[in-house]
Amino acid sequence: MTGQARAGRPNKLLRNLNAKIASIPMILTALVIFVGGTFWTIFYSFTNSKLLPRLSFVGFDQYERLWAAPRWVTAIENLAVYGILSLIFSLVIGFMLAALMDQKIRFENTFRTIFLYPFALSFIVTGLVWQWVLNPDFGIQAVVRSIGWTSFTFNPLYTPEIVIYGILIAALWQGTGLVMCLMLAGLRGIDEDIWKAARVDGIPMWRTYLFIVIPMMRPVFITTIVIIASGIVKVYDLVVAQTSGGPGISSEVPAKYVYDYMFQAQNLGQGFAASTMMLVTVAIIIVPWAYLEFGGGRKRG
């Protein structure tokens with residue numbers, strides 16, 4: 001019977017055959033375009049390619065030039081400041097808004113739409129809108145001065161020391177609504193009995209959130225952090241729309257550095273080296289996430 005049962009079972013390779021056949025184009029796309037393109041970029045980052053790729057190896061010279069360039073160092077510093085603050089404020093503001101929405105307030109759908117609407121806009125539109133809002137001649141500064149506070153000054157996009165914070169404001173305005181929706185979905189998945197038990201035990205609401213609800217929402221937080229972090233690393237169009245990297249190079253970011261060297265300065269080798277460093281940054285984000293989501297979960301199971 002056992003032999004007959006085994007003979008009647010389909011081979012593992014033939015199970016869900018239609019689905020496997022349908023997935024072949026996507027697998028080939030991933031292998032050829034994503035994996036192949038990644039190795040191609042890394043390979044040519046060790047060459048002296050200019051307008052076109054060429055097999056003229058220079059070792060780590062491109063990376064030495066990259067880290068010796070003040071523009072790249074400024075881009076990394078800006079990315080660090082923008083990334084850390086964007087991650088913190090997006091999570092804090094998004095969770096607080098979600099917690100408020102979870103109180104079954106009136107017009108919840110209306111408020112949720114209002115908060116999420118900016119995410120539907122492109123970064124170019126967001127950048128142009130906030131470029132106008134933060135313009136000292138007809139933006140916030142001009143409005144406040146027009147009502148009598150003539151000494152008021154608020155022009156972050158024109159001040160090199162704080163220009164990255166002006167970009168951060170626009171990014172938070174656009175992205176916080178998505179974080180709120182993700183957090184709200186996580187909160188709605190919490191069992192109502194947990195809230196009732198906390199109220200019966202007299203546990204303050206802030207302690208319930210901090211020590212019970214947030215730990216239960218760990219998968220939601222991990223996914224949200226990965227989404228935010230991936231957007232941070234590739235930030236480009238928001239900077240171009242608001243400042244074009246200025247004043248000077250004070251709002252330069254890695255993605256803009258890559259684009260400028262590859263398509264304007266016609267220095268593919270330097271652009272590939274910068275792209276590879278961005279790839280390393282993404283790997284630093286993705287690998288821990290994959291471990292927490294898959295490796296850590298299997299050990300717990």
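**Close-up views of a predicted model**

**View 1. Asp260 and Arg71 meet side chain to side chain in a salt bridge, 2.3 Å from N to O.** The term salt bridge is used here for a side-chain nitrogen of Lys or Arg within 4 Å of a carboxyl oxygen of Asp or Glu. Asp260 sits in helix H13 (residues 254-264) and Arg71 in helix H4 (residues 70-101), so this pair ties together parts that are 189 residues apart in sequence. Helices here are DSSP runs (H or I, at least four residues), strands are runs of E with at least two, and numbering starts from the N terminus. Searching the whole structure gives eight salt bridges.

Residues are numbered from 1 along each chain as its sequence is written, and side-chain values use heavy atoms, with hydrogens and water left out.

View 2. Six residues of domain 1 and eight residues of domain 2 take part in the contact, meaning heavy atoms within 4.5 Å.

**View 3. About 530 Å² is buried between domain 1 and domain 2, with 74% of it on carbon and sulfur atoms.** Buried area is the accessible area (1.4 Å probe) that two parts lose on being put together, summed over both. On the side of domain 1 that touches domain 2, the residues divide into three nonpolar, three polar and no charged. Here Ala, Val, Leu, Ile, Met, Phe, Trp, Tyr, Cys and Pro count as nonpolar, Asp, Glu, Lys and Arg as charged, and the others, Gly among them, as polar. Look for salt bridges across this interface and you will find zero.

**View 4. Two loops carry backbone details.** Gly246 and Pro247 are joined by a cis peptide bond, with omega about -5°. Pro247 belongs to the loop between helix H12 (237-242) and H13. In the loop between H4 and helix H5 (108-116) you can find Phe107, whose phi is near 60°, a positive value in a residue other than glycine.

**View 5. Residues 272-292 are 100% helix and 0% strand, with end C-alpha atoms 30 Å apart.** An unreviewed UniProt entry lists this span among its "transmembrane region" features; such annotations may be inferred rather than shown by experiment. Residues 113-133 are 71% helix and 0% strand, and their end C-alpha atoms lie 22 Å apart.

Methods: Predicted model: local features only at pLDDT ≥ 70, side-chain atom pairs only at ≥ 80, totals over all residues.
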